[in-house]
Amino acid sequence: MSSFEQSVEELAAQEARLVLPRFTYEDAWTLGTILVDLARERRAPVAIDVRRGAQQLFHCALPGSSADNDAWIDRKRRVVERYGASSLLVGTRFRAKGTTFEESSRLDPDRFAAHGGSFPIAVAGVGVVGAVTVSGLPQVEDHALVVLGLERLLDA
């Protein structure tokens, strides 16, 4: 594990902390716009996606992003939907066991990517109801941007 990576325990604690009291259409819009503002401040060439279940509630592609980022969003989001955990946490769990997601998950790498940037949207007393995903930066930075967005939403 390199010095910039978080441990399985740190990532799991982050998810336990970032549980929302509710998740409405308005909350999806607010989260999406928070992430757009954060990305613009950083001049980050990202695409941003917010979903509840199968419904896409927010999507934005910023300058410098491409359709490839949308494909990464789909692959990372599928990991969150399947495992109920952030795509970075899932990948980190495999690495902590001395393997990789690609080697050991038995899932199609064209459909699933355990790379950082997709995070479960969890509601207190309900569980995971959706996913928020960013693609366009190195995976740890995609993850960190999503975490900051969720922190700001909780503080709003």
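This is a predicted model: local features need pLDDT of at least 70, side-chain atom pairs count only at pLDDT 80 or more; totals for chains, interfaces and linings use all residues.
The residues of α4 that are buried are Ser-87, Leu-88, Leu-89, Val-90, Gly-91, Thr-92 and Phe-94. Because seven of its ten residues are buried, α4 is largely enclosed by the rest of the structure. After α4 comes Gly-98, which has a positive phi, near 80 degrees.

Two packed helices are described by the angle between their axes and the distance between the axes. For α1 (residues 8-17) and α4 (residues 87-96), the angle is about 155 degrees and the axes are 9 Å apart. The two helices are therefore roughly antiparallel, the cut-off for that description being an angle over 145 degrees. The crossing of α1 past α4 is left-handed. On the α1 side, the contact is made by Val-8, Leu-11, Ala-12 and Glu-15, and on the α4 side by Leu-88, Leu-89, Thr-92, Arg-93 and Ala-96. By class, the residues of this contact are six nonpolar, one polar and two charged. Leu-88, Leu-89 and Thr-92 of α4 take part in the contact and are also listed among the buried residues of that helix.

The sheet is the next part to consider. Strands of a sheet pair through backbone hydrogen bonds, either parallel or antiparallel. Here five strands form an open sheet with mixed pairing, in the order β1-β4-β5-β2-β3. Strands β1 (19-20) and β3 stand at the edges with a single partner strand each, so one side of each has no neighbour in the sheet.

Strand β5 (residues 127-135) runs antiparallel to β2 (residues 47-52), and six bridges join the two. Within β5, Ser-135 is the bridge partner of Ala-47, while Gly-130 stands opposite Arg-52. Strand β4 also runs antiparallel to β5, again with six bridges between them. Here Phe-119 has Val-132 of β5 as its bridge partner. Three residues separate β4 and β5, which form a hairpin, and Gly-125 in the turn has a positive phi of about 75 degrees.

Two helices lie across strands of this sheet. Helix α3 (residues 67-83) lies across β2, β3, β4 (118-123) and β5, and runs at about 155 degrees to β5. Helix α6 (residues 139-155) lies across β1, β4 and β5, at about 130 degrees to β5.

Leu-57 is located in β3 (residues 55-61). Is Leu-57 buried or exposed? With a relative accessible area of 18%, Leu-57 counts as buried, because the cut-off is under 20%. Beyond residues up to four places away in sequence, Leu-57 touches Phe-23, Tyr-25, Ala-28, Val-50, Arg-51 and Arg-52.

Methods. Residues are numbered from 1 along each chain as its sequence is written. Side-chain values use heavy atoms; hydrogens and water are left out. Helices (H or I, at least four residues) and strands (E, at least two) are DSSP runs, numbered from the N terminus. Buried means under 20% relative accessible area, exposed over 50%, partly exposed in between (1.4 Å probe, protein chains only). Contact means heavy atoms within 4.5 Å. Two strands pair if DSSP finds at least two bridges between them. Axes are lines fitted to C-alpha atoms, for helices over the stretch in contact, and angles run from 0 to 180 degrees between N-to-C directions. Angles under 35 degrees count as roughly parallel, over 145 as roughly antiparallel, 65 to 115 as roughly perpendicular and the rest as oblique. A crossing is left-handed if the near helix is turned anticlockwise from the far one by less than a right angle, and right-handed if clockwise. Ala, Val, Leu, Ile, Met, Phe, Trp, Tyr, Cys and Pro count as nonpolar, Asp, Glu, Lys and Arg as charged, and the others, Gly among them, as polar.
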